[in-house]
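Me: Hey, could you walk me through this one? I have the sequence and the coordinates open and would like a second pair of eyes.

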Amino acid sequence: MNHRALKRKDLFWLALVVLLALMPAVSAVATNTFLMHVLILILLFSAMAQTWNIIGGYGGQTSFGHSVFFGIGAYGAGMAVVTYGLSPWPGIGIGMVAAAAVAVLISYPCFKLSGHYFAIATFAIVEIFHRMFLVWYWVGGALGLDYPVVEQGLKNFMWYDTKTGYYYGALALFVLVFGIVRFLESHRFGYYLRAVREGQETAESLGVNSQAIKLTAMALSAALAAMCGAFFGQYNLRVDPSMVMSLDMSMKFVLVTILGGAGTLAGPLLGAAVLIPLQEYTRALWGGLGGGVDLIVFGVLIIIIVIKQPAGISGMVRDIAKHIERRRAAAKGGTSIDAP
Amino acid sequence: MTLLEVREVTKKFGALVANDKVSFTVDPGTIVGLIGPNGAGKTTLFNCISGLYAISAGRIFFDGTEITGLPSFRIARLGAVRTFQVVRPLKEMTVFDNVLVGAFLQGAGNARARATAEECIRICNLTEYADKPAGDLPIGGKKRLELARALATGPKLLMLDEVMAGLTSTEVKGAMEVIHDIRRKGITLLIVEHIMEAIMPIADKVVVLDGGIKIAEGPPDRIIDDERVISAYLGTKFSRRLQARREESKHA
């Protein structure tokens with residue numbers, strides 16, 4: 001891709017962020033609590049999916065363990081506030097470091113093996129952490145952590161009157177994660193990461209230390225996922241194992257990205273923009289039917305996407321753009337033939 | 001001083017001995033051809049030198065350091081870079097991005113890596129394909145991509161594993177010109193090749209393998225007279241043809 005096309009793309013992203021930043025200024029949006037809630041979740045899940053995209057999309061290593069890192073981040077913030085009566089910020093930092101450490105420990109042996117070992121190991125690790133946190137008294141056990149009422153504001157990252165504070169928090173998270181991935185995508189690390197996905201031996205023959213690249217990507221992905229988890233805890237004012245460290249949560253990281261288009265910058269946003277409203281509205285409408293309705297909807301959508309366009313929504317968008325371009329070219333060609 | 005020294009390298013796969021105590025050296029600035037019949041162990045030897053296989057016995061030195069047992073990315077970073085006989089494009093990435101991955105070995109800077117990649121793509125006649133996914137290239141293009149990618153790393157020693165196999169005669173001529181260009185840049189070349197008309201005129205030295213054993217080593221002139229090489233690989237008829245061509249060029 002040439003430089004000019006990339007710059008045009010950046011302009012699009014910039015415009016989107018400005019637009020999103022102005023949203024709460026529209027009073028119809030700001031006063032509609034449910035709409036604000038959906039927007040916050042879209043931003044949060046976009047960021048979450050993007051963290052997964054680093055290792056799962058660009059790196060091609062399917063992780064089902066991201067709810068563990070997400071959970072560690074949520075517990076970091078939660079324990080800082082609930083157990084130690086501090087502001088969540090130091091907890092967020094500790095959670096990010098802990099998540100990266102756990103990610104490296106899990107991945108180090110797995111990345112040496114080829115095939116699906118990594119995916120299987122990450123699957124197992126969710127169960128292990130879920131069980132462990134259920135019975136671990138220090139972190140609140142199965143009851144989890146319930147936030148006390150503290151002063152609202154950025155220091156405690158908590159707001160009661162409106163959701164505007166959380167909205168800007170989610171937007172900041174979104175910009176941070178997407179900005180990091182955008183930067184990596186166009187620099188050596190991003191190229192090396194994709195090269196390892198496309199052919200590990202080939203990449204190594206060109207001087208790429210594939211193990212180091214994958215571990216770094218995994219650590220970064222986990223740390224950012226932990227940051228998202230901390231936001232989730234602060235937003236819900238509670239943390240418990242089933243809420244943040246479940247396979248359900250892990251699957252959302254994977255599904256949102258794959259639905260939108262793995263290994264593309266826009267994929268996680270497209271996936272979240274489609275799936276999250278669906279999830280929230282089905283919950284609001286059919287929540288009485290019991291849990292899991294949203295997952296049924298997810299499942300059906302994924303089946304359709306995988307059959308129609310394995311590259312996800314971003315692949316569909318690309319197809320449509322190509323189609324329009326071809327039509328335009330054909331139209332141009334037609335007029336030039338008609339001209340004398 | 002030699003650039004590459006292979007000292008009594010042995011590679012066994014179970015009971016099969018693919019390389020048996022093979023020794024040879026490559027001097028800087030030269031082109032060395034590695035030839036031999038199918039199954040002689042040429043690609044295995046390449047895999048041993050480039051660190052893809054762990055060797056069973058022997059030692060390998062490159063540019064003054066021992067590289068025996070080093071992982072392949074370290075050997076590439078030292079400046080010994082290879083291509084693959086069975087082409088391995090990074091399929092979902094564009095041709096340009098493939099070459100860019102190679103170019104990043106010379107430094108993380110984007111501007112310089114892009115300039116290097118562009119130049120290597122031009123040298124290997126891939127400019128028209130630069131923005132296409134590498135998986136969509138025809139076979140000749142994929143072979144040239146292997147070459148461009150390895151070249152972009154800025155190697156001291158470039159190891160080419162049959163980059164001309166399966167190409168049309170026009171494409172072979174093009175490839176030979178590219179190889180000449182590469183040599184003029186001062187890059188040393190170790191080339192596995194089956195097409196004798198391509199390798200014999202450009203090689204300074206030829207190493208012949210048969211059944212995993214080195215049976216001859218020397219300048220091409222002497223190789224085509226070597227009885228063992230003729231019976232194992234070239235054949236009498238072909239050897240005469242090469243000899244006749246040599247006589248012609250002497251008279252000319």
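Predicted model: local features only at pLDDT ≥ 70, side-chain atom pairs only at ≥ 80, totals over all residues.

Me: Let's start with chain A. How many helices and strands does it have?

Reply: Chain A has 15 helices and two strands.

Me: And what are its dimensions along the principal axes?

Reply: The C-alpha trace of chain A spans about 85 × 55 × 40 Å along those axes.

Me: How does the radius of gyration sit with a compact globule?

Reply: It agrees: a compact globule of 340 residues would have a radius of gyration near 20 Å, and chain A has 21 Å.

Me: What share of chain A is buried?

Reply: Of its 340 residues, 52% count as buried.

Me: Let me pick a couple of residues there. Is A:Gln234 buried or exposed?

Reply: A:Gln234 is buried, with a relative accessible area of 1%; the cut-off for buried is under 20%. This glutamine lies in helix H10 of chain A, residues 210-236.

Me: How far is A:Gln234 from A:Tyr166?

Reply: They are 68 residues apart in sequence, and their C-alpha atoms are 8.9 Å apart in space.

Me: Now A:Ala172, where is that one found?

Reply: A:Ala172 is in helix H7 of chain A. With a relative accessibility of 46%, this alanine counts as partly exposed.

Me: And how far apart are A:Ala172 and A:Asp240?

Reply: That pair is also separated by 68 residues in sequence, but here the C-alpha to C-alpha distance is 25 Å.

Me: Changing topic: cavities. How many are there of 30 Å³ or more?

Reply: There is one cavity of that size in the structure. About 60 Å³ of space lies in the largest cavity.

Me: Which residues line it?

Reply: The lining of the largest cavity is made by A:Ile54, A:Tyr58, A:Val181, A:Leu184, A:Glu185, A:Gly190 and A:Leu193. Helices H3 (33-58), H7 (164-185) and H8 (188-198) of chain A are the elements that each give two or more residues to this lining.

Me: Which helix gives the most?

Reply: H7(A), with three residues.

Me: Which ones sit on which side?

Reply: B:Thr188, B:Leu190 and B:Val192 are on one side, B:Leu189 and B:Ile191 on the other, and both faces are covered. In general, side chains in a regular strand alternate between the two faces of the sheet.

Me: What does S8(B) pair with?

Reply: S3(B), residues 31-35, pairs with S8(B) in the parallel sense over four bridges, and there B:Leu34 stands opposite B:Val192. S7(B), residues 157-161, also pairs with S8(B) in the parallel sense, over five bridges; B:Leu157 stands opposite B:Thr188.

Me: What's in the turn between S9(B) and S10(B)?

Reply: The two strands form a hairpin with two residues between them, and B:Gly211 in the turn has a positive phi of about 55 degrees.

Me: Last one: what order does the open sheet of four strands in chain B have?

Reply: The order is S2-S1-S4-S5, with antiparallel pairing. S2 (16-26) and S5 (65-66) are the edge strands, each pairing on one side only. S4(B), residues 57-62, pairs with S5(B) over two bridges, and B:Phe61 has B:Glu66 as its bridge partner.

Note on methods:
Residues numbered from 1 in each chain as written. Chains lettered and ligands numbered in written order. Heavy atoms only, no water. 1 Å grid on protein atoms, 1.4 Å probe; cavity = no way out; pocket = protein on both sides within 12 Å on 5 of 7 lines; lining within 4 Å. Points joined across faces, edges and corners; volume = space filled by probe spheres on them. Buried < 20%, exposed > 50% of the residue type's maximum accessible area, 1.4 Å probe, protein only. Pairing = 2+ DSSP bridges. Rg over C-alpha atoms; globule rule 2.2 N^0.38 Å.
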